[in-house]
Amino acid sequence: MFVFFSCKDCDFIFIPKYLSLTVGDRSLLDTLKTEDSSGCLAQQPKHRTANPAALTARSLPAVQSDERLQPLLNHLSHSYTGQDYSTQGNTGKISLDQIDLLSTTSFPPCMRQLHKALRENHHLRHGGRMQYGLFLKGIGLTLEQALEFWKREFVRGKMDPDKFDRGYSYNIRHSFGKEGKRTDYTPYSCMKIILTNPPGQGDYHGCPFRHSDPELLKQKLQSYKISSQRISQILDLVKGTHYQVACQKYFEMIHNVDDCGFSLNHPNQFFDESQRILNGGKDIKKESIQPETPQAKPSVQKSKDASSALSSLNSSLEADMEGLEDYFSQ
């Protein structure tokens, strides 16, 4: 909360209420209540929120017409700000033998579709490998497991093992941050899958609710043993372009819950929430393993960021107060 005041020689000054400010032997607020000021002292929560909103509305046309800001504005509309599932707390928690079963019980349709295509064709194009590979990384596959998983499947498709090692293993290591720029890539969010790199002929990546023909989507849902009435509910949501809500409805249907209690925005979130339900509210897999809490690191970083921000704020306030003391001592 801030205190607002105006006086003859200045426009507006906002001071945090918790600050104890004195000028000589008088408090700053006492000084402001003298006849040199308007005496207009009041808490202004509504004013503080309404003015920025009005200012934004007035400024929006100019902002939108500035070509320098267009890339930033376009990016903001596509931004995903939730958990990125880059932590390694899940690493090694699933085995390769579990993937087939997990694909039918806990994978979202986009990943279930990719897994099925990989098993049938023993190959996925680059877009599919990236989308599915990073998802598998996020649910716990280690680099060694990923190399074995992809090599085993591609060799079944009559690919020479040496060709795989030369042409594909590098890309897998690259996605784990072990090659090139050493970037540790994170799994794709729903928004990224829906809005970027739409699938073409022979591709299996993308979002089935966004990129599939309605009739093909209907057939796919029927193969998942979804009832006709429930399929109609999902197709109505798809028709209204509510793709993530449609996927969330699918989640509730296959887990037999009326309300899943979360807003779905990431395939790995779908998997994690599914596993919690199927395991009676417990975290995923290997029973005796108690992984590190993946939130520990971010919490430490947030604390550091908060301390740094507070220090910066204090320094700024000290400088401002020096100026105010000079002003009111004149």
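Mentor: Start with helices α6 (residues 126–139) and α7 (residues 143–156): their axes come within 12 Å and cross at roughly 140°. Axes are lines fitted to C-alpha atoms over the stretch in contact, with angles from 0 to 180 degrees between N-to-C directions. Helices are DSSP runs of H or I, at least four residues, numbered from the N terminus.
Trainee: Which residues make the contact?
Mentor: Arg129, Tyr132, Gly133 and Leu136 from α6, with Phe149, Trp150 and Phe154 from α7. Contact means heavy atoms within 4.5 Å.
Trainee: How far can I trust this?
Mentor: The model is predicted: local features need pLDDT of at least 70, side-chain atom pairs need 80 or more, and totals for chains, interfaces and linings use all residues. Residues count from 1 along each chain as its sequence is written, and side-chain values use heavy atoms, without hydrogens or water.
Trainee: New topic. Where is His205 found?
Mentor: In the loop between α10 (190–195) and α11 (208–211).
Trainee: Buried or exposed?
Mentor: His205 is buried, at 6% relative accessible area. Buried means under 20%, exposed over 50%, partly exposed in between (1.4 Å probe, protein chains only).
Trainee: What does the His205 side chain reach?
Mentor: The backbone oxygen of Asn197, at 3.0 Å.
Trainee: And what follows α12?
Mentor: Lys225, with a positive phi near 70°.

How values were computed:
Helix = DSSP H or I, 4+ residues; strand = E, 2+ residues; numbered from the N terminus. Polar contact = N/O pair within 3.5 Å; in protein donor to acceptor, adjacent residues only side chain to side chain.
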